[in-house]
Amino acid sequence: MKKYLLDLTVKSVERIHERYVLIRLTDDKPLPEMQPGQFVEIRVDGSPTTFLRRPISINFVDQEQNELWLLVAAIGDGTRRLAALQPGDTLNCLLPLGHGFTMPASKDERILLVGGGVGVAPLLYMGAVMQQMGCEPTFLLGARTAKDLLMLDIFKRYGRVYVTTEDGSEGEKGFVTNHSLLQKEQFTRIATCGPTPMMKAVARYARQSETDCEVSLENLMACGLGACLCCVEKTTEGNLCVCKEGPVFNIRKLLWQD
């Protein structure tokens with residue numbers, strides 16, 4: 001897929017949580033085609049400590065409004081600078097990068113999308129594209145507390161939504177792999193993104209239930225093109241750059257240790 005280096009215009013910056021902002025970007029030309037699970041490398045201007053681009057998952061693409069949504073966790077100098085952007089500012093973006101999730105081959109596939117924390121970001125766009133294809137996605141979203149659940153109202157537009165919180169303040173208490181849904185229903189495939197311990201737990205469940213599973217890795221990425229080698233992951237095919245060969249991998253290819 002062709003890559004583009006674009007100066008996109010900030011349309012809005014919405015603080016949806018004390019740590020997270022939703023940035024909507026647009027352009028005077030139609031945005032390039034993007035696939036669920038791909039990401040963007042953003043140049044951070046005005047930060048004296050941020051020298052490398054920041055990789056951000058594609059959260060959503062609104063074709064009617066010609067918008068690209070990015071869900072950003074403002075936890076470091078670079079991402080805090082992104083959170084401080086104002087409407088009308090320009091953001092230099094390299095996109096779309098990497099390989100995304102495998103989309104349904106038929107309307108009969110039952111796909112479970114499991115996310116935690118900011119890892120829910122790429123699952124929203126995947127669910128929206130699935131709905132356009134005539135498939136109903138099922139979302140299983142986890143967080144520490146109810147206030148840490150992100151974009152629930154928007155997720156509910158595109159499929160069934162189930163929730164876990166560690167303190168039981170919303171949904172079922174516990175981790176996503178503890179949810180009763182996993183004992184009640186069978187799925188064709190699982191797609192997951194979030195903290196590594198969560199994804200490993202989901203991968204264990206998938207192996208035990210003999211369910212095909214893809215994970216979106218969040219290794220440190222600098223160039224986004226496979227040149228700097230800082231995001232290398234050990235796989236059955238040798239060491240692969242997550243930014244170029246991923247970030248989405250089938251768990252059969254990974255050498256994760258339980």
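Glutamate 14 is partly exposed, at 37% relative accessibility; here buried means under 20% relative accessible area, exposed over 50%, and partly exposed in between, with a 1.4 Å probe and protein chains only. Its partner is arginine 24, with which glutamate 14 forms a salt bridge whose closest N and O atoms are 3.5 Å apart. A salt bridge is a side-chain nitrogen of Lys or Arg within 4 Å of a carboxyl oxygen of Asp or Glu. Glutamate 14 belongs to strand S1 (residues 4–15) and arginine 24 to strand S2 (residues 20–26), so the pair ties together parts that are 10 residues apart in sequence. Arginine 24 itself counts as buried, at 17% relative accessibility. Both residues also take part in a network of salt bridges that links Lys11, Glu14, Arg24 and Glu67.

The model is predicted, so local features need pLDDT of at least 70 and side-chain atom pairs count only at pLDDT 80 or more, while totals for chains, interfaces and linings use all residues. Residues are numbered from 1 along each chain as its sequence is written, and side-chain values use heavy atoms, with hydrogens and water left out. Helices (H or I, at least four residues) and strands (E, at least two) are DSSP runs, numbered from the N terminus.

Strands S1 and S2 are part of an open sheet of seven strands, in the order S4-S3-S7-S1-S2-S6-S5, with antiparallel pairing; two strands pair if DSSP finds at least two bridges between them. The edges are taken by strand S4 (54–57) and strand S5 (60–62), each with a single partner strand, so one side of each has no neighbour in the sheet. On average, and ignoring direction, neighbouring strands of this sheet are turned by 40 degrees against each other. Axes are lines fitted to C-alpha atoms, for helices over the stretch in contact, and angles run from 0 to 180 degrees between N-to-C directions. Contact means heavy atoms within 4.5 Å.

Not counting residues up to four places away in sequence, methionine 151 touches Ile16, Leu22, Asn59, Trp69, Leu71 and Leu124.

Most residues other than glycine have a negative phi, and most peptide bonds are trans. The peptide bond from leucine 95 to proline 96 is cis, with omega near -15 degrees, and proline 96 is placed in strand S7 (residues 90–97). A cis peptide bond also runs from glycine 246 to proline 247, with omega near 5 degrees. Asparagine 66, in the loop between S5 and S6, has a positive phi near 55 degrees and is buried, with a relative accessible area of 17%. Glutamate 210 has a positive phi of about 55 degrees, lies in the loop between H5 and S13 and counts as exposed at 76% relative accessibility.

Threonine 211 is found in the loop between helix H5 (196–208) and strand S13 (212–216) and counts as buried, at 9% relative accessibility. Its side chain makes a polar contact of 2.8 Å with the side chain of serine 209. A polar contact is a pair of N or O atoms within 3.5 Å; within protein, one must be able to donate a hydrogen and the other to accept it, and residues adjacent in sequence count only if both atoms are side-chain atoms.

The structure holds 14 salt bridges. In one of them, the closest N and O atoms of aspartate 77 and arginine 80 are 2.6 Å apart. These two residues are three apart in helix H1 (residues 77–83), and about one helical turn separates them.
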